[in-house]
Amino acid sequence: MSPTTTKTPIRFLLDENVPIKIRSFLKTEGYNVVLTPKGIKNGQVVALANKEKTTLITHDTDFVEKTLSTPAVLYGVIVFRIHPPHVEKLCASLEKMLRDVTEFQNKRFLLDETGYTIVD
């Protein structure tokens, strides 16, 4: 299912630690992408994601810890666990995931080169 045919448009919030080329890739795929302002703290990122109803994409594993990102606290999050984080690898892994996943709200994902895991 493409992002334009879902009932609720999927929106992503890119953390400042994610290469800007990921934004271009997601926009090409038809997704709405918002960038976090430079230098904001994790609590402000959570507030922005919730306010904008966006799924955060980040490299920061703090966002999969239950104290900061329980579904009740964080709208949704995808954490890249790809090293080295070459843009081509990030895009390829994200593309595979987006073919399978259409619902991100209240979910926390770890994404690596072999696939993704939903964190409880």
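**Contacts across the chain**

Author: The side chains of Glu52 and Arg11 meet in a salt bridge, with 3.7 Å from N to O; the term stands for a side-chain nitrogen of Lys or Arg within 4 Å of a carboxyl oxygen of Asp or Glu. Glu52 lies in helix 2 (residues 42-52) and Arg11 in strand 1, so the pair ties together parts that are 41 residues apart in sequence. Before going on, please keep in mind that this is a predicted model, in which local features need pLDDT of at least 70 and side-chain atom pairs count only at pLDDT 80 or more, while totals for chains, interfaces and linings use all residues. Residues are numbered from 1 along each chain as its sequence is written, and side-chain values use heavy atoms, with hydrogens and water left out.

Reader: Okay, and how exposed is Glu52? How about Arg11?

Author: Glu52 is partly exposed, with a relative accessible area of 26%, and Arg11 counts as partly exposed at 21% relative accessibility. Here buried means under 20% relative accessible area, exposed means over 50%, and partly exposed is in between, using a 1.4 Å probe and protein chains only.

Reader: How many salt bridges does the count come to?

Author: The count comes to two salt bridges. Besides the pair already described, Lys89 forms a salt bridge with Glu113, where the closest N and O atoms are 3.8 Å apart. That pair links distant parts of the chain, since Lys89 is in helix 4 and Glu113 in the loop between strand 5 and strand 6, 24 residues apart. Lys89 is partly exposed with a relative accessible area of 27%, and Glu113 is partly exposed with 39%.

Reader: Let me step back: how many helices and strands are in the chain?

Author: There are four helices and six strands in the chain, and from the N terminus on the elements run β-α-β-α-β-α-β-α-β-β. Helices (H or I, at least four residues) and strands (E, at least two) are DSSP runs, numbered from the N terminus.

Reader: Which way do strand 4 and strand 5 pair, parallel or antiparallel?

Author: Strand 4 (residues 77-80) and strand 5 (residues 108-112) pair in the parallel sense over four bridges, where pairing requires that DSSP finds at least two bridges between two strands. The chain crosses from strand 4 through helix 4 (residues 87-100) to strand 5, and this β-α-β crossover is left-handed. For the hand, a crossover is right-handed if, with the strands pointing away from the viewer, the path from the first strand over the helix to the second runs clockwise. Within the pairing, Ile78 stands opposite Phe109 in strand 5.

Reader: And what joins strand 5 to strand 6?

Author: Five bridges join strand 5 to strand 6 (residues 115-119), and these two run antiparallel. They form a hairpin with two residues between them, and Arg108 stands opposite Val119 in strand 6.

Reader: Which residues are buried in helix 4?

Author: Leu90, Cys91, Ser93, Leu94, Met97 and Leu98 are buried in helix 4. The buried residues of this helix pack against several elements, among them strand 1 (11-14), helix 1 (21-28) and strand 3 (55-58).

Reader: New topic: how many aromatic pairs does the structure hold?

Author: The structure holds four aromatic pairs. Rings of Phe, Tyr and Trp (its six-membered ring) pair if their centres lie within 6.5 Å, and planes under 30 degrees apart count as stacked, over 60 as edge-to-face and the rest as tilted. One of the pairs is Phe12 with Tyr31, which is edge-to-face at 5.3 Å centre to centre and 70 degrees between the planes. Phe12 lies in strand 1 and Tyr31 in the loop between helix 1 and strand 2 (32-35), so the pair ties together parts that are 19 residues apart in sequence.

Reader: What about Phe12 and Phe104?

Author: The rings of Phe12 and Phe104 have their centres 5.5 Å apart and their planes at 75 degrees, so that pair is edge-to-face. Phe104 lies in the loop between helix 4 and strand 5 and Phe12 in strand 1, so the pair ties together parts that are 92 residues apart in sequence. Phe12 and Phe104 are buried. Phe12, Tyr31, Phe104, Phe109 and Tyr116 form one aromatic cluster.

How values were computed:
Contact = heavy atoms within 4.5 Å.
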